[in-house]
Amino acid sequence: MTAVRPSPFPASTVLGYPRIGPHRELKRALESYWSGHGTWEELEATGARLREETWRRLGALGLGAAPSNTFSYYDHVLDTAVLFDAVPERYRDRSPEDAYFAMARGADGLAPLRMTKWFDTNYHYIVPEIGIDTAFRLAGDKPLAEVREARALGVDTRPVLLGPVTFLLLSQPAPGGPSGFAPLDRLPDLLPAYERLLEALAAEGVGWVQLDEPALVADRTEEELAAVRTAYRRLGALTSRPALLVASYFGDPGDALPALADTPVEAIGLDLVRGRIPENADLSGKTVVAGVVSGRDVWRTRPDRALSALLAVRERAARVVVSTSCSLLHVPYDVERETDLDPALRHRMAFAEQKVAEVVELAALLAASPAPPRPVSPASRRGSEPPTPPPLSGGEPAPSSPVPPSSVPATSVPASREGRSPYAVRAAAQAEHLRLPVLPVTTIGSFPQTGELREARAALGAGRLDEDGYESLVRAEIARVIALQERLGLDVLVHGEPERNDMVQYFAEHLDGFAVTRHGWVQSYGSRCTRPPILHGDVRRPEPITVRWSRYAGSLTDRPVKGMLTGPVTIVAWSFVRDDLPLRDVVFQVADAVRDEVRDLEDAGVAIIQVDEPALRELLPLRRASQDAYLAWAVDAYRRATSGAGDRTQIHTHLCYSDADQIIAAVDALDADVTSVESARSHARLLREPAVGGFERGLGAGVYDIHSPRVPEAAEIEESLRAALRVLPADRVWVNPDCGLKTRTYGEVEAALTNVVKAAHHLRGDHQCRPLTVE
Ligand SMILES: Nc1nc2c(c(=O)[nH]1)N[C@@H](CNc1ccc(C(=O)N[C@@H](CCC(=O)N[C@@H](CCC(=O)N[C@@H](CCC(=O)O)C(=O)O)C(=O)O)C(=O)O)cc1)CN2
Ligand code: MET
Ligand SMILES: [Zn+2]
């Protein structure tokens with residue numbers, strides 16, 4: 001057993017904090033370093049300043065315990081791989097900084113590691129590669145260094161580490177390894193490295209460590225639950241270690257909770273916004289870090305509900321600590337800066353700063369609540385309300401719902417298939433109408449967003465540029481993009497999306513029911529951020545949104561130009577959404593708006609319309625039991641949005657990520673004529689899935705990894721295409737990058753698309769140049 005006697009956990013904490021900087025300082029420093037303008041020392045100085053500001057701010061807000069090691073130059077999963085030396089051999093022959101960014105973004109001739117979604121969020125992590133011979137060892141001191149750095153500022157922190165079970169579950173097997181190998185098999189070899197780290201932290205006098213295990217809220221096998229027991233019994237048995245907080249979040253740990261409770265860990269973190277009050281585990285000897293303030297939305301916390309949950313947990317646990325449901329990484333910094341927002345709306349909202357203040361106030365309320373508390377039925381956390389306590393910061397009670405009840409009738413009718421014929425019939429009509437070559441080459445929609453365009457938009461917002469000036473800049477950009485695609489030899493063109501700041505925010509700005517922020521940036525991956533819109537009311541489309549840009553682009557060329565829309569699931573997934581209506585009803589409202597736009601594009605003569613759903617997979621519930629119901633309504637919403645189109649109109653969709661394999665049946669059910677998927681960064685993993693062979697419609701093989709600045713060779717692209725051609729007939733394969741080109745430069749895009757066209761043309765020779773037909 002452990003020899004440590006932990007000091008009690010302070011009354012309030014947060015599981016993590018945003019790190020990109022209130023003014024996106026880290027983004028700017030990273031991009032400056034990557035471009036060669038800034039030095040590594042300058043980047044480090046920016047990192048140090050951001051960490052210091054965060055610790056000081058958390059202290060000033062009165063938070064009991066501040067986390068550390070929540071900072072990252074790119075991604076915390078990648079940091080964990082580097083910390084334990086799980087660096088694939090091919091990245092090692094360079095400086096530590098270069099190796100780190102090569103894994104994240106690729107480098108001359110070297111592809112990066114795969115990147116994918118962090119659970120059901122819009123944050124992306126780098127997927128570590130673990131092989132049978134990965135030699136784990138404690139290879140770095142980042143967690144220790146941050147503890148020391150904070151101490152030098154007079155702040156005692158709790159280092160946050162990714163837990164060993166989640167780390168291995170999120171990793172992928174190194175290529176070329178034995179079949180049947182899973183990274184979790186290496187747990188016994190990884191644990192000694194964690195032990196060395198815990199010993200080092202103890203030697204440094206660190207009282208508490210947080211080990212994040214969000215993987216526990218998804219379905220886990222008996223073997224995986226056994227791994228949880230093994231890991232935490234073993235780390236718990238260490239004679240010299242800090243006290244351990246194991247944090248589950250993004251849902252309910254279910255069977256993993258008793259497994260964890262049965263180990264010597266001192267504290268367990270529970271997401272009480274999404275999860276239930278635990279009844280299935282003995283927590284009488286544990287501290288529970290109770291996540292009652294949501295880290296996933298921007299609404300103020302209802303103090304009555306939160307306090308009721310805290311009191312219920314206090315009955316079952318040795319000690320209760322007030323906390324956030326997960327890291328605050330997923331919300332922006334400070335809502336007070338949003339002076340353009342309607343004050344009534346702003347008053348109902350809380351960003352990271354406000355959420356920290358809520359945590360602190362709830363801790364005070366809890367401390368002031370009589371102990372032992374009067375019994376609260378554990379079965380109905382939300383049912384048995386204690387007397388309503390005074391409101392949290394702001395002086396007014398939080399509203400019971402962020403918006404008045406919907407005036408729109410519940411949209412529970414399944415999507416009608418009005419008029420749209422079966423695929424084979426449509427495909428024939430489209431082939432006749434479009435007359436495309438085999439292996440048609442296209443792109444996913446956006447072309448590079450130039451600094452000139454971004455500045456023009458900023459100037460328009462600030463009144464330094466008028467609408468006409470902005471409009472002519474956008475038109476000039478569309479003309480340039482059309483000319484470039486004609487010159488490179490693409491078959492289906494796009495207008496390039498220069499008028500859009502973001503594929504979701506742009507639509508939100510043109511729909512009723514949404515508000516947008518000026519500074520509400522949230523990290524999506526690396527230096528890339530989004531400002532998720534706030535969906536607070538009923539959604540309506542007051543007028544056509546994209547039609548005039550599509551019409552203009554179409555007037556510049558004889559080739560087909562795709563209309564480009566964002567799908568209803570994705571618009572909702574990448575917004576902060578009202579919580580007084582079921583998500584499904586909100587998505588259906590958006591689907592109706594998209595449907596109107598599809599009809600208007602068709603009426604304007606647009607022959608191909610792409611409705612992107614890259615977030616279809618992201619909203620998939622983490623528990624299998626809820627997945628089918630979600631997929632059924634998500635598919636219905638997509639069909640509702642697209643089924644107004646006639647047979648001759650070709651509907652495309654785009655899903656960026658390779659783990660679409662988990663939802664392949666749903667992708668099929670979307671019934672889009674052409675679906676483009678990622679395949680470059682996952683080495684065409686998806687294309688090897690047997691299910692793809694059964695895919696009966698057109699498939700766009702994403703053969704160019706646009707998340708990396710690297711330009712692929714024509715030969716590599718050809719290889720990816722051959723993989724697609726092994727599982728699908730040539731007349732259903734399309735050739736395209738794996739996502740939009742907005743984050744790339746024109747130099748990179750021109751070089752890469754030249755190679756894409758070259759590869760397609762080369763293979764086209766093998767598959768005769770004939771128009772696409774369906775027998
Ligand atoms: N919402 C969303 N989620 C997504 C994606 C996506 O496209 N959108 N793609 C996938 C990958 N994630 C991504 C997330 C962000 C970006 C991205 O490129 N973001 C841009 C910002 C896009 C934006 O909002 N641009 C605005 C504001 C640009 C800006 O920074 N303006 C300056 C002023 C102008 C200047 O000096 O450059 C400022 O505000 O300070 C515009 O163009 O108008 C960035 O981080 O750089 C790309 C991919 C998955 N999730
Ligand atoms: C994240 S999916 C991006 C799709 C969008 N049409 C684009 O090309 O940017
Ligand atoms: Zn994409």
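**A residue with positive phi and its setting**

Reply: Phenylalanine 119 is partly exposed, because 18 other C-beta atoms lie within 10 Å. On this scale a residue is buried if 20 or more other C-beta atoms, placed from the backbone, lie within 10 Å of its own, exposed if 12 or fewer, and partly exposed in between. The model is predicted, so local features need pLDDT of at least 70 and side-chain atom pairs count only at pLDDT 80 or more, while totals for chains, interfaces and linings use all residues. Residues are numbered from 1 along each chain as its sequence is written, and chains are lettered from A and ligands numbered from 1 in the order in which they are written.

Phenylalanine 119 is not a glycine, yet its phi is positive, at about 50 degrees. Most residues other than glycine have a negative phi. The residue lies in the loop between strand S2 (115-117) and strand S3 (124-126). Here helices (H or I, at least four residues) and strands (E, at least two) are DSSP runs, numbered from the N terminus.

Glutamate 497 also has a positive phi, near 60 degrees, in a residue other than glycine. Its place is the loop between helix H15 (467-488) and helix H16 (505-509). Glutamate 497 is buried, since 25 other C-beta atoms are within 10 Å.

Glycine 285 belongs to the loop between strand S9 (267-271) and strand S10 (287-293), and it is exposed, with 11 other C-beta atoms within 10 Å. Alanine 715 is part of helix H24 (residues 714-727) and counts as exposed, with 11 C-beta neighbours inside 10 Å.

For the protein as a whole, buried residues account for 52% of the 775 residues. There are 25 helices and 22 strands. The domain assignment, automatic or from a database, gives domain 1 (129-380) and domain 2 (427-766). In domain 1, 19 residues are in contact with 15 residues of domain 2, contact meaning that the C-beta atoms, placed from the backbone, lie within 7 Å. The side of domain 1 that touches domain 2 has 11 nonpolar, two polar and six charged residues. In this classification Ala, Val, Leu, Ile, Met, Phe, Trp, Tyr, Cys and Pro are nonpolar, Asp, Glu, Lys and Arg are charged, and the others, Gly among them, are polar.

Helix H1 (residues 25-34) packs with helix H2 (residues 40-60) at an angle of about 170 degrees, their axes being 9 Å apart. H1 is therefore roughly antiparallel to H2. By class, the contact of H1 with H2 has seven nonpolar, two polar and two charged residues. Axes are lines fitted to C-alpha atoms, for helices over the stretch in contact, and angles run from 0 to 180 degrees between N-to-C directions; under 35 is roughly parallel, over 145 roughly antiparallel, 65 to 115 roughly perpendicular, and the rest oblique.

Finally, the ligands. Around ligand 1 there are 21 residues, of which Arg454, Arg457, Asn501, Ser524 and Thr530 come nearest; a residue is near if its C-beta atom, placed from the backbone, lies within 6 Å. H14 supplies the largest share of that shell, five residues. The shell around ligand 1 holds seven nonpolar, seven polar and seven charged residues. Ligand 2 has 13 residues around it, with Ile444, Gly445, Ser446, Pro614 and Gly740 coming nearest.

Terms used:
Contact = placed C-beta atoms within 7 Å.
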